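Hi,

Here is the structure I promised to send over. Have a look at it first, and my notes follow below.

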Amino acid sequence: MANVLQLVLNSLFQVGVLALTTMGMTLTFKTVSVANFAQAITSTVGAFMAAFLLRDAGFNAWTATFGGVAVCFVLGYIIDNVIIRNIAGGSGRIMITIGLIVLITAAIPLVFGLIPFSFPRYYMGNLNFTFLGMELYVSANALFVFGLSAAVLGIIFLALRFTKWGLGVRSTASNKVVASMMGVNTDLMTALSWGISSACGALAAVLYASQTSLVSITMLGTVLANSLLAFIVGGYNSFYGPSVGAAIIPIALVFLGMISGLWATALLYAIIMVLILIKPTGLFGTKTVKKV
Amino acid sequence: MTLQNEYAELAKACKPHYLRRVARHPFFGYIVLMVMLVVVQLLYMFTGLISLTVSQAINTTMILAVAALGVGILLMMAGLMSFGTGAFMGLGTFIAGNLLKVFDLPFVFYLAAVALAGVVIGVVVGVVSLRAKGIHLLIITMALSGIMGTMFVLPNTFTGGPSGLSGVPFPTLIFLFDTSRETMYFVVLVVTFLLIAVTLNIINSSIGRAMLGMSQSESLAQAMGIYLLKYRVLAFVVATVYSMLAGALYVASISSSSPYTWTTALSMNILVAVIIGGTAKPAGVIAGSFIMFCLDLAILKSIPFFVENPTFSVFFMGILIILIVMKYPGGLMWMLASLKYRLQTFRTMRRLKKYGPDES
Amino acid sequence: MAQTNRNRLFMRVVGKRDKAYVRMEFNKSRLLVIDAQIGQKQAKDMQKQTLLARKRLYPLELAALSQADRNKALIECEMTIHRAKQSLQRRAVQQTYLRATEKGEKAEAARDAALNALDRRLTEKEAALTARYGGTDKTADKQAAEVYGERSKTEQTRLSALAEEHAKQKKRTLDTLGGKLEAQNGKLQARFREAEAQILSMCPTDPASFGEDSILNIQNLKMYFSGIKAVDDLSIRVRRGEIFGLIGPNGAGKTTLFNCITQFYKPKSGDIYYRDRFGSLVNLVHYNTHDVIRAGISRTFQNVELVYFLSVIDNLMLGAHASISSGLFSQILRTKRYKDEEAVFRSRAMELLSRLGIAAYAEAYPLGLPYGVLKKIELARTLMSNPRMIILDEPAAGLNESETEELGRIIRSVRDDFDCTVFLVEHDMNLVMGICDTVCAISFGKMLAVGTPEEIQGNPVVQEAYLGVE
C-alpha cells in the first residue's frame, strides 16, 4: 500500500505537465478545430530558450523560465497570424502542424547549436511525511511543478469562465461565424489561444526539464502521445474533460505498471480502445445532434 | 457536296485512330511511367549511366508510393487521417521477413499472407476507432504506432530487437526464378502497377463514390443507403493492406528491416506526400511521393552542401511542405489543372483576337 | 428483449428478400443493356465497313463517269478545299479592319484590297484547274460502268452477309447469357419466395389497422429534444399514389417528422408502419438509417446536398448505390458483371436527366450550376433507386415563380409515371394547394387538420395557427 501511494506521488509531476500540455491542445482544438501535433515541438523551443537564457545569457532560473514562456507565446501568436489563419479547411491545417514539426525539429539545432542543454531543479530535496502510518516522501520540485500547473490551469479555467477573453474564446469555439458577427474579434481570439496554448506547453516543457534535468528535441514525445490519449479519454468537445483525462492517465499507468512493467502502455491502450467502443465521445464529451 | 468531298469525309471517318485510342486508355500514362522506370534500372544494370543511389531511391520511392496510394484513398476519398502507416509497414516487413526466412514459396503467397494480416488488423482497429467521426482514428493510430514502435525495439525473435531483422533471403517468383536486389526492382514495379489498377478501380466504382459522398456529407450518404462504418472501415482496411504490402516489398527488396525506421515521422511524411499530390488518383500520389522522397533520396543526397548538413535538407523539406500547403492547398494536380486551364484560355483569347468570333 | 430479437430477425429476412429482388431486377435490365451495347458496337462496325466499301468503289465510280462530269467533280472538290482554306484568312482580314476602325483609322481600302487579292487567287486557281483537267467529252465509258455495277453489287452482298453474321452473333450471345441469367433468376426467385413466406408468418402488425390503400401509417409518434416536444403523439396516414403535403408554421416539427420517418432521428415512441413494394408491412423504426432507401423511401434535402467532387451523372449514380448488387471484389477487380451494372444505371441516369431536361449537364460538375438545375438533379437522384415513396423537403425553396410551377408539373408527372407516392413539406402555399391530393397541417408537433386543399384552406384552426389569435 505504501508502495502504491509512493508511486502515485512520484507520478505527480507527470500529471501536472500532462494537464498543462493537454490544456494547450484543447484551447487550439476548440478555437481553430485543429489537433495541434506541433504542440510538443513548439513547447520544446520554450525549454531550449529557457535553458539557453540560463546557461549562456546568465539569467536565473525564474527569469529564464519566464523568458522561455514569453518567447513561446510570441511564437504561437506568430504561427497563427502568419500561417494557420491563411489556410482553409481541416486537413490542410493538420498538415501545417506536421510541416511545423519537420521545420522546428531541423531549426532547433541550427539555432541553439549541438551542445546539449540541461535545466536545474527549482527546489532541491524531498519532503518526508507520514500518512496513516505510512512513511512517504515527495520531491519538493515535483510538488512545486504540480502546484504551479494546478494554479495555471485554475487561472485559465477561471479566465475562461469569467473574463471577456474567456467569453470570446467560448463563443468562437461554439460558432466562429456567429461570434464574428456579434463583434467578437475571432482572429485575435484564435491568435491569443495559440499564444496561450504555446505558453502552457512551454511552461510544461520547462517544468518537465526541471524534473528530469534533460532538454532534448524528443523530450516531449511521450507527453504528446499521452496528452492525445487524455484528449480522447476526457472527450475533446468539452473544455475540462481533457484535463481530467490528463490526471487519469499517469495514475492509470502507475497501476498498470504494477501488473506488468513492460506492457503497461499496451494495456492502457487496450483499455482506452474498449472505453471508446463503449462511449465514443469520451468520458465528458456530449453527443451533438446533427442537423439534417 | 461533290463525290470527292464525300470521299474526303469518308476517309477521315474510317481513318483508324489506334494511337489516339491507346493514349486515351486510363492506364497509358502509368504504363509509360513504368517503362521509363524500367529503362532507368536497365541503364543502371548494364551501362552505369545511372548511379546505384538513384536506382535505390526510385525503388524506395515506389515502395513508399504503394503505402501512399492507400493513404490517398483514406485521406482524399474517405476524408480520414491515419498516423499508423509507418507502423503497419513495419509490421508488414516483420511478418513477410519471418515468413521468407522460414518458407520457400513463390512471392505471391507472402503478399497474400501479409494482405490477410492487414485485413484483420484494419478491421479490428477500424471498427473500434471509426464509430465516431473526428480525430479518433488519428489519435488512436498515433498511439498505436508509438506503442508498436516501442514493441519493435523490445528484444524478441520476431522483430530481432533493436538490431532488427537482417539477412532475409530474396524470394522466388512462381517457384522458378530467383530474384536479386536488381530484379526485385522489377517485381516492385509490377506490384505497384497492379495496385495502381486496383486503386483506379476503387476510385471509379460505387465504392469510391460512396466514400466521396460520405466525406462530404454524412446525412446525404446515409440517405443514399451508405453504411458509414462499413465504408470508413473499408477505407482504413485498404490503407492498412497497402501499407503492409509495401512493408513486404520493402523487406523483400532490401532484405533487412530496422525497427527504428517505422516511426510516426514516416507516416507523417507519407501523409505529406499525399497532400502534396492533392488527390487520391495514383498520378497525384506518385508525383507527391517522388517530390517527397525521391527528391530527398536521389537529388538532395547528391548535392554536397546537403550531404554535409543533413539538418538543412530536413529544414528545406519543412519549408517546402508549408509553402505547398499554403500556396497550393489543392496540391500538385490542382496546380497542373489550373495551369492547363490558363493555357487553354490563353490560346482561345489569342485565336479570338486574331480571327474574330467563331462562326457557328 | 424477445420483441427486439424478433424485430431484428424480421429485418434480417427483409434484407435478404430485398437483396434477392435487387439482383433479379438487375438481371432483367442487364439483358436489355447488353443488347443495346452489342447493337451499338455492331452498328459502328457496319458503318466502318460501309465506309470502306465506299472508299474502294470510289475510283471505279469516277471512271464510269463521262470525262466532262468527272472533270467538273474534280475541279469542284479542289476548289472547295481552297475556299475552306481561305475562310480563316478572310476572318483575319475582317478582324484587322475592325481593330483599325476602333482606333479611328480608315482601313476600308486596305481591307478591300486584301479581299480582292484573295478573290483573285481563287479565280487563278480555278483557271489553272480547268486548264489541267481539260476535255469536254460527254460520252461515258460503258465498260467502266459495267465494272462499277458489278463491284458495287459484290460490296452490297458482302455488307448484307456481314449484317446477317452480326444478327446471328448477337442472338447467340444473348441466348447464352439469357439462359445463364434465367437459371440464376430461378435460384433467386426461390430465395425470394422463401423469405416472403417467412415475412408473412411474422408480420409485426395487424394489417387491418393499417388500411388497405395506405402506404405509410404513422401511429402515436413522439420525439423530444431535451424536454422540447418536437413531435407530440402524431398519427398520420398516407394513401398510396397520392401527393401528400405537410404544412405548418416554422418550428411545427415538420422536418423532425421527416427525419423520424427516414430514421435520422430515432423516435422516442410510436410506430411508423410502411407497406413496401411487395405488399408486406414493415415498421420503419427498426430500420437503420442507411437501410430506409432499400425499403423504397428516398428523400431530398432542405438545402441541396450534392457531392461537388462528382459530375452530375456520378451524383445520380450515387443515388443508385443501394441498388448496385455487385460485391466489393467484383468492384475492386472491375469484373464484366460490375461493368454491366454500371452501364445499366448509367443509361437509366441519362434517361432521367433527359426526362427532366438537364441532359446537357450530365458531365458537368454541380458547383456553379443554377439552383433550379441542382434541385432537379436531386429529384432525379431520388428516382435512381426506383422508389415507392419520395420525400421532398421544401422542394420549392429558393425557386422563382415559373420554376415553382414547372416543379409542380414535374412532381405530378413523376408521381404518374414512376408509380410512387410523394410526401412533401412546403412553405409555398400555391404549390401545396395546387398539386397535393391531401394536405396535413401541424403545429407544435400536434395535428391541426387533415383534408383536401380546399378543406384546409377553409379550416379556422389552421388559419388561427398561421395568422395567430386576434
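What pLDDT does chain B average, and what share of the residues score at least 70? The average is 86, and 93% of the residues of chain B score at least 70, where pLDDT is the predictor's confidence in each residue, from 0 to 100. Within chain B, confidence is lowest in helix α1 (residues 3–14), at a mean of 58, and highest in helix α11 (residues 228–254), at 95.

Two notes on conventions. This is a predicted model, so local features need pLDDT of at least 70 and side-chain atom pairs count only at pLDDT 80 or more, while totals for chains, interfaces and linings use all residues. Residues are numbered from 1 along each chain as its sequence is written, with chains lettered from A and ligands numbered from 1 in the order in which they are written.

Chain A has twelve helices and two strands (DSSP runs numbered from the N terminus: helices are H or I, at least four residues, and strands are E, at least two). From the N terminus, the order is α-α-α-α-α-β-β-α-α-α-α-α-α-α. Its radius of gyration is 19 Å, which agrees with the value near 19 Å for a compact globule of 292 residues (taken over C-alpha atoms; the rule is 2.2 Å times the number of residues to the power 0.38). In chain A, 47% of the 292 residues count as buried, that is, 20 or more other C-beta atoms, placed from the backbone, lie within 10 Å of the residue's own.

Now to chain C. Four of its strands form an open, antiparallel sheet in the order β2-β1-β4-β5 (strands pair if DSSP finds at least two bridges between them). Strands β2 (228–239) and β5 (281–283) of chain C stand at the edges with a single partner strand each, so one side of each has no neighbour in the sheet. Three bridges join β4(C) (residues 269–275) to β5(C), and Y273(C) has N283(C) as its bridge partner there.

Finally, the contact between chains C and B takes 45 residues from chain C and 32 residues from chain B (in contact means C-beta atoms, placed from the backbone, within 7 Å). On the chain C side, α2(C) gives the most, with eleven residues.

Happy browsing, and do write back with any thoughts!

Technical notes: Two residues are in contact if their C-beta atoms, placed from the backbone, lie within 7 Å. A residue is buried if 20 or more other C-beta atoms lie within 10 Å of its own, exposed if 12 or fewer, and partly exposed in between; C-beta atoms are placed from the backbone.
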